Structure formats: C-alpha cells, structure tokens
Protein chains: 2
Amino acid sequence: MSLTLKIGIAGLGTVGAGVVKIIDQHAAMLSARCGRDLVVTSVSARDRGKKRGIDLSNFAWLDDPAKLATATNVDVVVEVIGGSEGPALDVVTAAIAAGKSVVTANKALIARHGAALGTAAEAAGVALNFEAAVAGGIPVIKLLREGLAANANDHVFGILNGTCNYILTEMEKTGRDFNDVLADAQALGYAEADPTFDVDGIDTAHKLAILASVAFGAVVDFKSVYTEGIRQISAEDIQFAAELGYRIKLLGIARLYNGAIEQRVHPCMVPLDTAIAHVDGVTNAVVIEGDRAGRTVIEGQGAGEGPTASSVVADIMDIARGVLSPPFGHPSDQLHLFRPLEQDNHEGRYYIRLEVLDQSGVMADITAVLRDQEVSVASFIQRGRAPGEQVSVVILTHTAGEGCMKQSLELIESLDSVVEPPRMIRIKHL
Amino acid sequence: MSLTLKIGIAGLGTVGAGVVKIIDQHAAMLSARCGRDLVVTSVSARDRGKKRGIDLSNFAWLDDPAKLATATNVDVVVEVIGGSEGPALDVVTAAIAAGKSVVTANKALIARHGAALGTAAEAAGVALNFEAAVAGGIPVIKLLREGLAANANDHVFGILNGTCNYILTEMEKTGRDFNDVLADAQALGYAEADPTFDVDGIDTAHKLAILASVAFGAVVDFKSVYTEGIRQISAEDIQFAAELGYRIKLLGIARLYNGAIEQRVHPCMVPLDTAIAHVDGVTNAVVIEGDRAGRTVIEGQGAGEGPTASSVVADIMDIARGVLSPPFGHPSDQLHLFRPLEQDNHEGRYYIRLEVLDQSGVMADITAVLRDQEVSVASFIQRGRAPGEQVSVVILTHTAGEGCMKQSLELIESLDSVVEPPRMIRIKHL
C-alpha cells in the first residue's frame, strides 16, 4: 500500500468542489487520521473554466471522466456527476473493471444499478462506498453496515429529502399552500427548477431502497418502492393535523414482515410527541429499529456542500485505511430477494378529509360505506355547520387494510354530496 | 488471517452474557457481514456456577482473566469486568502486551488509563476498541472516528447517563423530589444501591473525557473534567425551568477555544424547543458540531444488555474485518494536550433561585451585589408576595463569568434576608 492515496474526481459541482476543499484545508488532520496522505491528482468535469472557488492548476484535467478509471495516477475514483445513467454509470463501471475503488454520492445510480455494481465491486475486490448517497452528511450507511452490524433490523424509516421537509415546515409555519411555498423554495435555491424528483418522492425512494438493502441484507429493489409525493398536501390538512396532535412529514419507510418487504414513500401524520415530528427545515433524520440496540435515531444535514463532501471524504478515508466491506453489508450472493408487499396489503390507520355538502343523510351515507368496507372510525371532526353549503369532514380510522380504504374512498367520492376528491394521509405510529 | 476469530471474554455479567447470546444467536449473520466466523472459545468470571441463561459448556473456563491474554485459543480479548483498576486493567494490559486486540465496555478504565493503553495498543499494532464505553448502544465513537472523520469538531455534548436522565424525567413528570425518585429508581434497578457514580456525574465525566478525546484529537484528560451531579436539583427548580421554557438535563459538554479545552459535567437548563430537551428516561443522546457536516445528533439506548452488547460485538466485527485505527482516531503521538479551561473562566447564562424574606430592601441588596460583580440580570420571577415571610426569587442572567457568578452567590448568601444557600443552574443555549 503506497503511502499516498491518489484520488480522481469525476464532477466538479458543489459536492466535487467541497471534496477538493476538505482534502486541501484538512490535509494534515486527514493524513493523521488515516495514516496516509490523501491527494487529488486528476479531475474531470464538463466546463473547465467555470468558477468554483478552487485551484485546479495542480490537477490533471480529463475531458472524459471514464478515463479516470485507467489513469495511472488515480487509485480511487470519486463519482459526483449525478444521474443514474450516462457518464456517471460509465465512470463507475469502468473504475470497478479497472480494479479501482469507487466513492459515489449518487443515489439514483446506486438505487437503480447498486445490485450489479456491488456484485462487480466485490468480485474485483474493490470498495464501492456511497455514504453521501443517503441523507447527505449523516453517516447512516456506516451506522447500519458497521456500528449496528450486530443487530437484525426489521424497520428503518426517516425524513430523507430536505426540500420536502423544508416545504412542509414552511407550510405549517406560515399557513400557506404548497405551490406558494414551492415557488419560494425555488427562489431560495432549496428546490430545483424542475422539482419532480424531490416533491414527487422519487429522491426519497432512491434513498429508501438503499437504506433497506443495507439494513436488512436485501437486494436493492428500487422498482418495488411505493411512491407518493407531497403535491396533494394542503394547508388545511396541515392545520387539521396540528389540531389532532400530529405533524405531516414525507417519510420513507421500510419494514420486514415474515420474508416480505414493505418499502413505501408517502406523506405521514406523525405524533407531535415524537422526535421525528420535530425534525424541521432541510434537516434529515433516520430511525433504525434493531433487535439488540433498540431504537437509534440520527439527525443531521441531508444536503449541501459541506455535509455531502464530509461523507464523501469519510468514504475515501475508509479506503485509505484499507477497510473493505461488501457494499451492502452482506456479500452480494447472500443478499436476500424479499417478496415485495403490495401497498394494498398495507395495514394502518388513516386520516381522511372530505369536502361535503352539509345536508341530512351525508354522514349516514359515508359511515355506511366505511362499515361495509370494514373500516372502523376512531374519530370525526366537522368544522362548523353550514346547512346546504360545503364543509370539511375529517375522519381518523382505526387500523384498516389499504385495499379496503381505497375502495371506500372511491365509493365515497361517487356520493352526490361529496364535492371534491377525498384526501387521505397515512398515520405513522412509532 | 485465520477464517475463525477466536474470542475470550473476561467478565460474564449482563454485558458479557449479552455478547455470548448475540454471537450464538446471530452466528450466520455476523459471519456473512464480516466474512469470518466469530467463536467464543474462553471465558473468565468470578463465579462459574452463577445463573446467566447461557451455556458455558463449550467454552474453556479460566479462573484468572489475565490468562486470556496468553491463551492460545484466543485472538481477541473482550473485557467486560468493569472498574478502572484491578483485574480489568490487568487483563487489558496483558492482552496488549501479548499482541492481542482488545474490546472493552469499560469507561472508567479508558477515561483513566486510555492514553497509556492507547499508546501501548498502537505500538503493538493491535486494536483497542471501546464503543460500548460511551453511550451504550449508540455507535458514537465510530461516528466520530470514522463517519465524521473529515470534520474538525469544536463542540460535543450530550446526555450520557440514563440513570440521571430517568430521575430528572420522573421528577418533572411527577413533581416529586430527588431522594424520592432515586429510591424508586433503585427499587426498579435503574439506579445502583450506591448511586454515587451516576448521580454525582462521575460516570458522565468518564464518558465525556473519552468523547472529547476522539472528537478533538486530544489526549484523554479525565482529571480536568469539572463535575457536578444532580443531587441539588429540586422539584421547585424543575417547575421554574418549565415555566421559563426549559428542561433540566445533566449534560457532559466539551468545547475547544483557541487551544484550550473546556470539559464540564453539570445540570443544565436546555430550551424546550431543542431536540435534546425531549430525550427522556434512560435514553442517551450526543450532539456533535463539525465544521463540514454541521450539527449531527444521535439518540439511542445508553445502557442495558442488548444495546451494550450490540456495541461490543460491532467492535469485535471491526477486528474480524481487519479494521485497525488508532484508538482515539489520531495516532497517539499526534494527540494534542490542550490547556484545560478553568471552570471559573466559563462564561454563560445562569439561573439562580434564592429563598428570601419578603421585606423591603431585599431586592435592592441582591441587585446591588450582582451589579458590583458585573452580572447583568435578564429577568426576574418572584412567586407571590408574603410580607415578612419566605418567598422564592428566580433570576436569569445575561452572559456572565462563572467566577463573578460564584462571588455574587457568596455575597448574596451572606445577606440577612437570604435564608437558604442560593441554587444556581447553568443555561445551555444551543
């Protein structure tokens, strides 16, 4: 093992530049901590002239990132280009094929190609580290893969997308509606011009699939994740949630049930007296239930230059120290392929908001539907009375099957006195 | 590296038995995760016949734990005897001398002898892992040593003693006094018959000294930790804290200031709107401020068979996977010996409760003392009026020096109308 670890970086956006800065500014500390010097030797990005606040003059420049894989002055390839296909996939594939360890912050890549890339890395005897792909600066992959490695886990969940959590927090604080707050978040740089990946839950689903794999020793299975975003959450729902003692959070939740795996991303009502309800703004949090350690909760910054680069550099340091674990914690040929649990088979409690005409017989019709579908009502709120006009009716159910719940809502929507599509939010009891 | 890692365990109390159970019950999972079989071969404890719920028949029994160090069927020695001297120190010293890696859950041992033992382990090229010594099942040592290793940290603090946190939580919930709740905690097994180590803050100080060392790359320096326990906290103080928007927690706090280190353990008033204020019962939590990752908070079970054994086994797994880091994160010859900051030089805000005779001139005398000592008052509470009788007066100060604060309290105590020694609790703003 040579004393210096030579690093090639593919992608010099916010994260790539952050990695260069840490390695430069903390050189002595990093070298002391891992017993070797870390040196960036080569970089590749689309635009060489772009202002980044870092000095590129000491680095070899490669126009084609995949060339980092075969560059003789590169021991480790850091992929921070992003995107599940194209150059990101090419450089990671090429690096593993060339027998080089890889560090990536790319959740889409690992969620979609993690099983194949992990198998290839293991066969090549190289590391494939992706701490920064999940929850930014929170070292939750290491927590699962090493710190809590003595536990059989059956439940992991969390707030994994800072953009959504920021929007929901602002909606609650200001009483404003989703589109309003989203526009502000875009202006502030907390949301992308095309916010689809974040607000529709896809980013959370990527991260959840990776977390579930490492937590359960499962083959990463992104395509089975049930995914629902926050566009349908209204200021009214947030207000009702608060009245009922809940806060609305977009959660990614993975559970094992007797050989089946449940992976779902959707808004949840979480009780106000839980830690997760108080995770505000762009902060992320992950909750892990282990059979020995019990419940562990870790909170921190889920995005941004410093936090994400912190995780990338920690991954590089593990490689410098010679740490080599299977990418998903278990050897790839021992990862389980669990049967995915259909979302319709989910059981839980539900919040329903109906907009109805306040006229006699409405409640009887609604409750009859619920009774026929075996959905038992825990409580009702009807705000005000306005005979003949539209009022909101909120129902909290006891535990019910999601299939029955969906069937009920279709039937309720078809009632004449129900004037808007019903809204439904799942309740997460911890 | 032989395929099987052979483990010798010194001490078969709750934790030792828990380690044996995990290694037995999770054998296949652990072997998959670290690529080698983990096998307990030898054990040593005081009483061979004691009921422990584990089968000892497959293990070699040694009456003298130090013999594990030279036993040919032992690769790693696990020390879970406890106590900073005697057999625990002997077995760890002997194991390192014999070139064997050590895993220990012993905070007193590491706080008092960590510097020497760490240096010896490094010189011998063996691991000295002590995850379970701090915060039980929370892998905070690994978090600092590896997951957040790219950060320069200047502040780490937390709730590190479940017994104290349980007592304070119960006092708040029930309004009962310290001695009452302590007696209950003893009956329930949450506090020892001799609760000194816990309630006087010594246990927290042990853990804090270890945390500070790993967080800051500092030589572990337990003897400089300023330590104050919770015996002086009264139901009244808890009540006033709640009225003022605070909760009282026993915190261990370590900070770096320009080459000086502050390490202190004492009750703190923490604002109700912070995560740490909501860490209740026997749960532990640690907050780390890194220059890149920002604030990371980790909560979990700080004691008990499962959580503590979870951390011990994770440490064993690291050894099985060939991970070898300097015990305190930095090589021992590069650990800094920071100048300890005297507690009298601490600056912060303070809560003071005075019991005074409600007569004219009292407040003028008290405020004159504070003014003369340059302690500026932020707010006052006087509960009720009872001319000529005893009333409580609560004062919150602006930032003041602790030396001035102590001087003020001595002068105030000497006033005729002040009928009890003043109570003082430091306020922690996050």
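A residue is called buried if 20 or more other C-beta atoms lie within 10 Å of its own, exposed if 12 or fewer do, and partly exposed in between, with the C-beta atoms placed from the backbone. By this criterion helix α5(A) is mostly covered, as eight of its eight residues are buried. The structure is a predicted model, in which local features need pLDDT of at least 70 and side-chain atom pairs count only at pLDDT 80 or more, while totals for chains, interfaces and linings use all residues. Residues are numbered from 1 along each chain as its sequence is written, and chains are lettered from A and ligands numbered from 1 in the order in which they are written.

Chain A as a whole may be considered next. There are 13 helices and 18 strands in chain A; helices (H or I, at least four residues) and strands (E, at least two) are DSSP runs numbered from the N terminus. The C-alpha trace of chain A spans about 80 × 45 × 35 Å along its principal axes. Of the 430 residues of chain A, 54% count as buried. Two residues are in contact if their C-beta atoms, placed from the backbone, lie within 7 Å. Among contacts in chain A between residues at least 6 apart in sequence, 74% join residues at least 24 apart.

An automatic or database domain assignment supplies the domain bounds: chain A is divided into domain 1 (4-133), domain 2 (140-301) and domain 3 (344-427). The centres of domain 1 and domain 2 of chain A, taken over C-alpha atoms, are separated by 28 Å. To their contact, domain 1 of chain A gives ten residues and domain 2 of chain A gives eleven residues.

Strands of a sheet pair through backbone hydrogen bonds, either parallel or antiparallel. Two strands count as paired if DSSP finds at least two bridges between them. In chain A, six strands form an open sheet in the order β3-β2-β1-β4-β5-β6, with parallel pairing. Its edge strands are β3 (60-61) and β6 (128-129) of chain A, each of which pairs on one side only. Within chain A, strand β1 (residues 4-10) and strand β2 (residues 37-44) pair in the parallel sense over seven bridges. L5(A) stands opposite L38(A) in β2(A).

The two chains also meet. The contact takes 46 residues from chain A and 46 residues from chain B. On the side of chain A that touches chain B, α2 (27-34), α5 (140-147), β12 (294-301) and α11 (305-320) of chain A each supply at least two residues. Strand β12(A) is joined by three bridges to strand β12 (residues 294-301) of chain B, and the two run antiparallel. V297(A) has E299(B) as its bridge partner in β12(B).

How are the chains related? The same surface serves both copies, with 100% of the contact residues of chain A recurring in chain B.

Helix α5(A) may now be revisited. Its buried residues include V140(A), L143(A) and G147(A). What covers the buried residues of α5(A) includes α9 (202-216), β11 (283-290) and β12 of chain A, together with α5 (140-147) and α11 (305-320) of chain B.
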